[in-house]
Every structure is written in structure tokens, then in C-alpha cells.
Amino acid sequence: MKAAFRFTALALAAALALAACETAPITGRSRLSPVDDSRLEGQAVALYRQELAQNTLSHDPRTVALVRRVGERIARAAENPPNGLWTAPNFQWEFNVIDKPGTVNAYCLPGGKIAVFTGILPITADEEGLAIVMGHEVAHALMRHHGERMADQAAVGVGGAVLGAVVGAIVGRAAGSTLAGAAVGAGVSGAGSLLLLSFGRNQESEADRVGMILAAHAGYDPRAAVGLWERMRAQSGGRGGPEFLRTHPTESSRIAEIRTHMPEALQYYRGGK
Ligand SMILES: [Zn+2]
């Protein structure tokens with residue numbers, strides 16, 4: 001037994017040693033090297049198509065134009081990193097609004113596939129609030145957090161099939177399991193469900209910080225982040241935790257941290273619209 005345990009421990013240590021580490025751009029956070037984007041984007045497209053097919057898209061011209069305008073501006077900001085802060089992504093951007101007033105959610109999958117649910121719009125309130133949310137979601141993709149979560153899971157030796165069962169859903173529990181099931185059913189490996197991972201606190205904090213830089217660089221006042229997250233927080237006291245609030249706990253430390261990073265974000269804000 002003891003020998004077997006030692007062997008397991010050695011094998012685990014070797015696996016961890018083999019897992020490459022790197023420093024995340026901008027924040028300098030040390031992390032496992034994310035799984036290559038090229039392995040995720042095909043799956044992301046398939047899942048995104050499913051999501052769009054299974055839901056009603058908003059045809060309200062003002063709402064759709066607003067989301068596309070903010071999305072395009074955040075995308076251009078992501079593609080033009082100031083001072084080489086990050087590597088410009090080569091995304092095939094898409095911005096869609098899903099007409100679900102009861103769903104408080106938004107996400108950006110690897111490769112730049114973005115969905116905004118109409119239920120989040122009363123909380124984003126205005127264009128700048130929406131820019132903070134979309135900046136945050138694009139930051140997750142830009143910082144390759146999906147691939148990083150996949151690398152984390154691989155490093156602890158969890159198999160792909162198990163992963164689908166343990167990950168939280170960004171898209172929402174029901175939709176997440178449907179999409180994960182669809183991905184597996186479509187012959188995508190078990191890792192397909194990884195696209196619906198919930199992120200860790202480190203990644204949330206990093207997405208807040210980088211998202212504010214993105215919004216500022218796109219010409220939106222990053223100070224809108226404080227009001228946005230305060231509105232999120234007020235909302236979280238309500239009925240049973242909408243998707244976005246489940247995956248984005250808004251404790252007071254989050255808002256305090258956002259204030260700490262405000263001077264940095266303001267360096268990229270020129271006040272223009
Ligand atoms: Zn997030």
C-alpha cells in the first residue's frame with residue numbers, strides 16, 4: 001500500500017512538474033499555461049450555434065444596435081493593445097442578443113462569440129454599464145481563462161468525462177448541461193463542456209481589472225464599473241440567484257478591488273466617445 005501510495009504521489013508530482021507554467025499578461029499572475037485556443041474555438045462555435053438555435057434572438061433594433069456598437073468598440077480595443085499590454089487576439093467576433101428578460105447573463109466564448117441576454121440590460125442600465133460587462137466578458141477570453149481552467153483540471157488528473165459533471169455553467173445550469181450533452185452527443189470530446197466552466201476568484205478579479213482597461217481603451221468611462229457592480233450586488237439579494245450573479249459573486253471586496261484598480265484603468269481613458 002505504502003509503495004503504491006508513493007508511486008501515485010511521484011506520478012502526480014511528475015505530472016505537475018510537466019505542466020508548463022507562465023505569467024499572465026497585464027497582471028503578472030503566475031498560472032498554468034492555458035490550453036491552446038485552436039483546440040477550443042471549434043467547440044466554442046458549435047456550442048454558440050446551439051445556443052442561438054435554441055433561443056429567440058432579440059429583434060429590437062435599438063437593443064441590438066447598442067450591443068453591437070459596444071461589442072465592436074470593445075473588440076477594436078482588444079485588437080489594439082496599448083503599449084503591447086497583451087497579444088492582440090485573432091477572433092472572429094460575433095455579437096448576439098438573446099431575448100430572455102428573466103435571464104441575467106452575458107458571456108464571451110473563446111474566439112469572440114458573445115451573447116448578451118436581455119435580462120441583464122436593466123442592471124447594466126446604460127451604454128457604459130454594458131461596456132463594463134462586455135469588457136469583463138471579453139477579458140476572460142482575451143486572458144484565455146477557458147484554456148487555463150482546462151489546464152488546471154488536466155493537472156489535477158481529472159478525466160474529460162468527469163469534467164462535464166463537475167464544472168459550473170456560465171451559460172446557466174440547464175442550458176449548460178444541455179449544451180454539454182449536445183457537445184458530447186455531437187462527437188465533441190468530453191472537454192467540450194469546458195467551454196461552460198465557471199471561473200475562479202483569481203480569474204474574476206483579473207477580468208474585472210482587464211475589462212476596465214478594455215472599456216477605458218474603447219472610450220468608456222471605467223468608473224461606471226463601481227455603479228454597475230453595486231447594482232449587481234443589490235440585485236443578488238433578490239430571488240434565487242440569476243446566472244450571472246451565481247458565477248460573479250459581488251461581495252464588498254470585489255467593489256473595493258475595482259476601486260483599487262481604477263487609477264490604472266483611467267490611464268487608458270481619454271474621455272472621448
Ligand atoms: Zn467573470
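**Notebook: sheet and helix packing**

I began at the sheet and found that Glu94 stands opposite Lys113 in β5. What I am reading is a predicted model, in which local features need pLDDT of at least 70, side-chain atom pairs count only at pLDDT 80 or more, and totals for chains, interfaces and linings use all residues. Residues are numbered from 1 along each chain as its sequence is written. Helices (H or I, at least four residues) and strands (E, at least two) are DSSP runs, numbered from the N terminus.

I then followed the pairing: β3 and strand β5 (residues 113-117) run parallel and are joined by five bridges, two strands being paired if DSSP finds at least two bridges between them. The three strands form an open sheet in the order β3-β5-β4, with mixed pairing. Its edge strands, each pairing on one side only, are β3 (94-98) and β4 (106-109). On average, neighbouring strands of this sheet are turned by 15 degrees against each other, direction ignored. Axes here are lines fitted to C-alpha atoms, for helices over the stretch in contact, and angles run from 0 to 180 degrees between N-to-C directions.

Next I looked at what covers the sheet. Helix α2 (residues 38-54) packs on the sheet and touches β3, β4 and β5, its direction making about 30 degrees with that of β5; contact is counted if C-beta atoms, placed from the backbone, lie within 7 Å. Helix α3 (residues 61-79) lies across β3 and β5 and runs at about 145 degrees to β3.

Within helix α2 I picked out Leu47. Leu47 counts as buried because it has 25 C-beta neighbours inside 10 Å; the cut-offs are 20 or more other C-beta atoms within 10 Å for buried, 12 or fewer for exposed, and partly exposed in between. From C-alpha to C-alpha, Leu47 and Leu109 are 9.1 Å apart, although 62 residues separate them in sequence.

The axes of α5 (residues 127-142) and α9 (residues 201-217) come within 7 Å and cross at roughly 120 degrees. That makes α5 oblique to α9, since angles under 35 degrees count as roughly parallel, over 145 as roughly antiparallel, 65 to 115 as roughly perpendicular and the rest as oblique. The residues of this contact divide into ten nonpolar, five polar and one charged, where Ala, Val, Leu, Ile, Met, Phe, Trp, Tyr, Cys and Pro count as nonpolar, Asp, Glu, Lys and Arg as charged, and the others, Gly among them, as polar.

Technical notes:
Two residues are in contact if their C-beta atoms, placed from the backbone, lie within 7 Å.
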